[in-house]
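Hi everyone, thanks for making the time. Could you all bring up the model on your screens, so that we can walk through it together?

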Amino acid sequence: MSIKNALLVDDSKVARFALSKLLESRDMQVNMASSAEEALEFLNSRERPDVIFMDHLMPGMNGVEATRAIKGNPDTADIPIIMCTSRKSPSFTEEAKNFGVYNILTKPPQTDGLGEVLDQLASDVSNGNLPEPVFREPPRQRDDEILEIPEEAAVRLSPKSEPEPGVNGHGSANVVPLTSELIEQIARSAVKTHINNRLHELLSDLFDEQFDHLKRALDEARSKQEAAIDEKLGDLSDLIEQRTRHLRDDVAAEVNLNMAREMADLKRELKRNSGFTSAHMDELKDHITSVQTIDTEFWQTLQSEAIQQAHEISRETSEDIAQRTIDLYVAQQRAANSRVYTLGLAVSLGIFSVGIAWLSGLFG
């Protein structure tokens with residue numbers, strides 16, 4: 001069984017956009033929700049997806065709470081959930097699988113990692129090897145700070161470190177003294193959680209703002225490019241219209257001249273005949289019909305011939321100019337070579353004459 005559609009739950013527009021593009025490249029249909037509450041409403045009102053990609057940290061209901069709600073509903077409990085988070089420690093992975101997460105996808109997602117997770121999911125769904133979720137209460141604190149408090153314990157203020165004796169002289173097993181160390185630990189955990197949530201919101205807002213800015217810039221660039229293309233096409237159309245206007249006028253003049261000649265010949269033929277019989281009328285009708293029939297073909301033929309003649313004249317003129325240029329260049333080169341040869345010969349004869357004169361004076 002192949003994975004065809006997915007529900008993507010993330011409060012960041014940038015994260016949703018990046019992951020949706022990777023999923024769509026695998027021919028998957030993607031639905032998106034910007035919060036866990038929106039995802040639960042989507043599951044209750046529409047068709048169920050083949051897989052859910054759930055962000056870990058979100059304002060309001062986080063990914064862990066949303067996963068517990070989905071797995072607690074019999075209608076949606078068997079939908080595989082892939083948790084998207086920057087934490088992928090073995091302890092967190094084990095904890096996530098305990099409350100129903102199928103696998104962990106590290107953020108930001110990569111093509112190879114996403115492909116491996118989806119291929120494994122498709123194989124497990126086809127073979128019926130999806131693990132059954134084991135529902136356990138997740139720890140109530142965050143950031144790996146474990147408060148060892150019994151589940152049914154009560155909290156009381158105690159100015160002293162000694163336990164208060166119970167009925168039998170022993171400390172109560174269900175009462176934990178609220179010491180300064182415990183208060184500090186609880187406060188540190190709460191502050192840390194608040195800071196992490198606030199940073200996550202600020203980063204999400206920053207990414208969303210940058211994404212909107214980039215989208216506007218791309219839209220403006222595309223609009224400018226389309227306007228430039230339209231302008232270039234309009235200029236090209238005007239240029240073609242201007243270049244072909246004279247050609248159409250020449251072809252029309254040629255056709256009108258031929259028609260005038262035909263009419264003149266017809267008038268002379270009528271003048272030579274003393275009478276105009278019905279046979280002549282039929283012949284005239286046939287002639288006019290044939291002229292009307294071939295008018296369009298004759299026009300197109302004249303136009304194509306005129307264009308072809310123009311091309312041939314242009315080509316012949318270019319070849320003639322090129323040949324004349326080559327001949328002129330060759331003549332100039334020959335004249336230059338002749339002058340150089342004459343000058344060299346004169347210099348050689350002069351040197352030879354000086355040599356003869358010197359030898360004559362030396363041996364004479």
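Let's begin with Lys-107, which is partly exposed at 26% relative accessibility. On this scale, buried means under 20% relative accessible area, exposed means over 50%, and partly exposed is in between, with a 1.4 Å probe and protein chains only. The side chain of Lys-107 forms a salt bridge with that of Asp-55, at 3.1 Å from N to O. Asp-55 is in strand S3, while Lys-107 is in the loop between strand S5 (103-106) and H5, so this pair links distant parts of the chain, 52 residues apart. For a salt bridge here, a side-chain nitrogen of Lys or Arg has to be within 4 Å of a carboxyl oxygen of Asp or Glu. Is Asp-55 buried or exposed? Asp-55 is buried, with a relative accessible area of 2%. Asp-10 joins in as well: Asp-10, Asp-55 and Lys-107 are linked in a network of salt bridges.

Before going on, a word on what we are looking at. This is a predicted model, where local features need pLDDT of at least 70, side-chain atom pairs count only at pLDDT 80 or more, and totals for chains, interfaces and linings use all residues. Residues are numbered from 1 along each chain as its sequence is written, and side-chain values use heavy atoms, with hydrogens and water left out. pLDDT is the predictor's confidence in each residue, from 0 to 100. Across the protein chain its mean is 76, with 77% of residues at 70 or more. Confidence is highest in strand S3 (residues 51-55), at a mean of 93, and lowest in strand S6 (residues 154-157), at 46. Over residues 135-173 pLDDT stays under 50, although the model has 51 contacts beyond four places in sequence for that stretch; a contact is heavy atoms within 4.5 Å. Where pLDDT is low, the predicted coordinates should not be read in detail.

Back to the charges. How many salt bridges does the rule give? The count is seven. One is Arg-26 with Asp-119, whose side chains meet at 3.0 Å, N to O. Arg-26 sits in the loop between H1 and strand S2 (29-33) and Asp-119 in helix H5 (residues 111-127), so the pair ties together parts that are 93 residues apart in sequence. Arg-26 is partly exposed at 36%, and Asp-119 is partly exposed at 46%. Another is Lys-21 with Glu-24, at 3.9 Å, N to O. Both of those residues belong to helix H1 (residues 13-24), three residues apart, about one turn of the helix.

Arg-16 is also found in helix H1. Arg-16 is buried but has no salt bridge; the nearest side chain of opposite charge, Asp-10, is 5.7 Å away. For that comparison, Lys and Arg count as positive and Asp and Glu as negative, with His and the chain ends not counted. What does the side chain of Arg-16 reach at 2.7 Å? That is the backbone oxygen of Asp-10. Leaving out residues up to four places away in sequence, Arg-16 touches Leu-8, Asp-10, Asp-11, Met-32, Ala-33 and Ser-34.

Asn-62 is in the loop between S3 and H3, buried at 9% relative accessibility, and its side chain reaches the backbone nitrogen of Glu-65 at 2.8 Å.

Now the nonpolar side. A nonpolar core is a set of buried Ala, Val, Leu, Ile, Met, Phe, Trp, Tyr and Cys residues joined through side-chain atoms within 4.5 Å. The largest has 22 residues, and Leu-7, Val-9, Leu-43, Ile-52, Met-54, Ile-70 and Met-83 have the most contacts inside it. Strand S1 (5-9), helix H2 (36-45), S3, helix H3 (63-71), strand S4 (81-85) and helix H4 (90-98) each supply at least two residues of this core, and H2 gives the most, with five. A second, separate core of 19 residues includes Ile-3, Ala-6, Leu-8 and Leu-19.

Finally, the whole chain. There are seven helices and seven strands; these are DSSP runs numbered from the N terminus, H or I of at least four residues for helices and E of at least two for strands. From the N terminus on, the order is β-α-β-α-β-α-β-α-β-α-β-β-α-α. Buried residues make up 23% of the 364 in the chain.

Note on methods
Polar contact = N/O pair within 3.5 Å; in protein donor to acceptor, adjacent residues only side chain to side chain.
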